[in-house]
Amino acid sequence: MTVHSLETLTFDNSYARLPEVFYAKVSPTPFSAAPFLISANRAAMELLDLDPAEAARPEFAGVFGGSLLIPGMEPLAMLYSGHQFGVYVPQLGDGRAILLGEVTNGRGERWDLHLKGAGMTPFSRDGDGRSVLRSAIREYLCCEAMHGLGIPTTRALCLVGSDDKVYREQIETGATIVRMAPSHVRFGTFEIFYYRKQHEHLQRLADYTIEMHFPELAQAVDKYARFFAEVVQRTAKLIAHWQAVGWSHGVLNTDNMSILGLTLDYGPYGFMDDYDPGFICNHSDYNGRYAFNQQPYIGLWNLSCLAQTLLPFAPKEELKAALDGYQTSVDRHYHNHMRAKLGLVEDRAEDEALLQELKSLMVGSRVDYTIFWRELGTFSSDAEAKNERLREHFLNPERFDAWAVQYRDRLQSEQSRDDERRSRMDRVNPKYVLRNYLAQGAIEKAQQKDYSEVERLLTLLQQPYTEQPGMNSYAAAPPNWGKHLSVSCSS
């Protein structure tokens with residue numbers, strides 16, 4: 001494998017070869033003060049075959065801080081629209097992000113380099129095109145935390161800071177993050193051409209997306225319907241995984257939905273602390289449209305919006321059939337995740353009642369979601385065992401005892417061995433997640449130019465299932481102040 005410097009990265013900018021109606025050509029706006037590297041993600045650099053030593057060069061911060069372009073880059077801002085909180089907005093687009101180009105690695109994999117916080121574009125509306133350090137850190141860490149959990153997501157290449165002032169709810173410093181994904185095409189990219197009645201552009205977009213990312217469908221007579229069916233299944237699988245780990249997106253607008261089924265756009269997200277099905281992580285979501293327990297339904301709603309855009313090219317009944325399979329797919333994937341979290345190998349119909357009773361107990365006692373599932377691996381199926389450590393999570397331990405009897409009987413019915421089961425459960429129940437208070441701690445240190453906590457969390461969260469010496473405090477329940485942090489769209 002060839003290891004590249006910045007100057008020898010291999011670019012193949014397929015999106016730039018589409019007609020300019022799909023984007024606006026625009027270069028990043030440099031910070032007035034020199035940018036500096038806060039953190040480089042070695043794992044993401046390896047995806048580009050980029051030599052990790054390149055991060056030490058001043059040019060690295062220059063390129064990914066928006067002040068330098070390297071050969072092969074063709075920067076552009078992508079055009080799209082979308083439904084925001086259920087209301088169609090006719091034009092959105094990359095208002096603070098610029099697609100620098102598409103790097104192809106030695107394995108033939110393509111990666112968009114998307115510079116977020118790059119300055120104003122023609123789609124910025126009234127915004128300044130900048131990201132603040134706070135939001136850049138949250139996205140940088142959560143991309144990698146989700147990848148560590150095995151959840152499809154955009155990746156984060158690096159985090160670059162500056163001393164430039166940016167105005168949000170308060171004055172903050174600006175930063176950039178380089179987001180990576182095979183594609184940044186969204187549901188909203190299709191919507192804008194549908195609602196403009198520009199069906200030739202819409203079909204060009206569909207053909208491009210299929211050719212680049214679903215090539216096995218390119219020659220099919222019914223390729224548009226099959227393409228949509230694939231997006232439905234990827235989206236169902238994604239959202240089921242979010243539900244299993246207790247994660248909320250916060251702003252599931254159609255412009256934040258990836259056509260590849262990736263977690264996209266990390267604004268007011270949140271991992272649940274106490275288990276609460278109605279958890280709302282975005283304090284701007286006054287009606288709870290994007291509450292945790294609404295995410296599966298919103299996935300379907302957004303897919304319905306995408307289906308509408310394909311009506312000019314695909315039979316309505318075939319699109320509807322794909323949609324009809326969505327909830328079954330979500331349920332199947334979620335059930336499989338939860339069965340694994342319970343340490344069960346065999347799939348039995350009665351397991352749903354076992355799970356629902358446990359979730360009811362957790363709600364009633366406001367049990368910490370991540371901690372409990374991890375500790376459930378310690379459950380002893382010995383009839384004499386009291387499982388005191390688990391009982392302590394519940395306000396009504398006798399009710400837990402009754403559940404524990406059912407759980408023990410279920411484990412024994414498939415000859416489960418406690419040591420083997422715990423090993424399996426530890427591989428699916430994370431020890432560490434990016435709780436909001438942990439991210440806030442890293443942000444507050446970074447605002448004082450101490451970036452050590454960013455690096456510590458990055459390393460920790462890339463292996464969330466592995467016990468890491470000296471890091472038990474990162475797996476503890478949050479302090480009371482940490483459960484009530486306010487997170488908004490500016491986050």
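Select Glu144 first: apart from neighbours within four places in sequence, Glu144 is in contact with Asn41, Arg155, Ala156, Leu458, Leu461 and Gln462, where contact means heavy atoms within 4.5 Å. The model is predicted, so local features need pLDDT of at least 70 and side-chain atom pairs count only at pLDDT 80 or more, while totals for chains, interfaces and linings use all residues. Residues are numbered from 1 along each chain as its sequence is written, and side-chain values use heavy atoms, with hydrogens and water left out.

Glu144 belongs to helix α3; helices are DSSP runs of H or I with at least four residues, numbered from the N terminus. Is Glu144 buried or exposed? Its relative accessible area is 2%, so Glu144 is buried (buried means under 20% relative accessible area, exposed over 50%, partly exposed in between, with a 1.4 Å probe and protein chains only).

Next, display helix α3 (residues 133–148) together with α16. Two packed helices are described by the angle between their axes and the distance between the axes. Here the axes come within 8 Å and cross at roughly 15°; axes are lines fitted to C-alpha atoms, for helices over the stretch in contact, and angles run from 0 to 180 degrees between N-to-C directions. The angle makes α3 roughly parallel to α16, a term for angles under 35 degrees.

Which residues of α3 and α16 meet? Ile137, Tyr140, Leu141, Glu144, Ala145 and Gly148 in α3 meet Val454, Leu457, Leu458 and Leu461 in α16. By class, this contact of α3 with α16 contains 8 nonpolar, 1 polar and 1 charged residues. Ala, Val, Leu, Ile, Met, Phe, Trp, Tyr, Cys and Pro count as nonpolar, Asp, Glu, Lys and Arg as charged, and the others, Gly among them, as polar.

On the α15 side, select Leu438, Ala439, Gly441, Ala442 and Lys445; on the α16 side, Glu453, Val454 and Leu457. This contact has 5 nonpolar, 1 polar and 2 charged residues.

The whole structure holds 0 disulfides, a disulfide being a pair of cysteine sulfur atoms within 2.5 Å. The closest cysteine sulfur to that of Cys143 is in Cys142, 7.1 Å away and therefore too far for a bond.

Technical notes:
Helices (H or I, at least four residues) and strands (E, at least two) are DSSP runs, numbered from the N terminus. Angles under 35 degrees count as roughly parallel, over 145 as roughly antiparallel, 65 to 115 as roughly perpendicular and the rest as oblique.
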